[in-house]
Amino acid sequence: MEQTPEKIAIMVCRNTARSCTGAGCFTAFYERKSAFADYPEETVLAAYFDCSGCDAREKDDPDFTKKLEKLRALGVGRVHLASCCVKHCEHLPAIRAALEEKGIPYVAETH
């Protein structure tokens, strides 16, 4: 019986995404480097999304909640918080709490 590949997602900072191509995250994923080094080739990058911005309150924001629910519906098993989020986001604790509340494991880093 064939096993279903693991699905993961990458969440980026909305502010940083204005000037970032995402190439660092995608390169790290497809070349299985940095935080993606231990994933098998069959792993699927099922979603690439941004937070809801600094003005949103992740735990109470219906748009962010909807994004997390869509990830669950897609079968995403883990979210990677992009390096831009980890290094620059003052809302990271709220983002982590929202992921935990929805039962979505996360990894803090991409490349």
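1. Val12 has Asp50, in strand 2, as its bridge partner. Strand 1 and strand 2 run parallel and are joined by 6 bridges. Strands here are DSSP runs of E, at least two residues; helices are runs of H or I, at least four residues; both are numbered from the N terminus.

2. A note on the basis. This is a predicted model, where local features need pLDDT of at least 70, side-chain atom pairs count only at pLDDT 80 or more, and totals for chains, interfaces and linings use all residues. Residues are numbered from 1 along each chain as its sequence is written, and side-chain values use heavy atoms, without hydrogens and water.

3. The sheet is open: 4 strands in the order 2-1-3-4, with parallel pairing. Two strands pair if DSSP finds at least two bridges between them. Strand 2 (44-50) and strand 4 (106-108) are at the edges; each has a single partner strand, so one side of each has no neighbour in the sheet. On average, neighbouring strands are turned by 25 degrees against each other, direction ignored. Axes are lines fitted to C-alpha atoms, for helices over the stretch in contact; angles run from 0 to 180 degrees between N-to-C directions.

4. Strand 1 is joined to strand 3 by 5 bridges, in parallel. Met11 stands opposite Leu81 of strand 3. Leu81 also stands opposite Ala108 in strand 4. Strand 3 (residues 76-81) and strand 4 share 3 bridges.

5. Strand 1 is largely enclosed by the rest of the structure, because 5 of its 6 residues are buried (under 20% relative accessible area, 1.4 Å probe, protein chains only).

6. Helix 2 (residues 23-30) lies across strand 1 (7-12) and strand 2, at about 165 degrees to strand 2. Helix 3 (residues 62-74) packs on the sheet, touching strand 1, strand 2 and strand 3 (contact: heavy atoms within 4.5 Å). The direction of helix 3 makes about 175 degrees with that of strand 2.

How values were computed:
Buried < 20%, exposed > 50% of the residue type's maximum accessible area, 1.4 Å probe, protein only.
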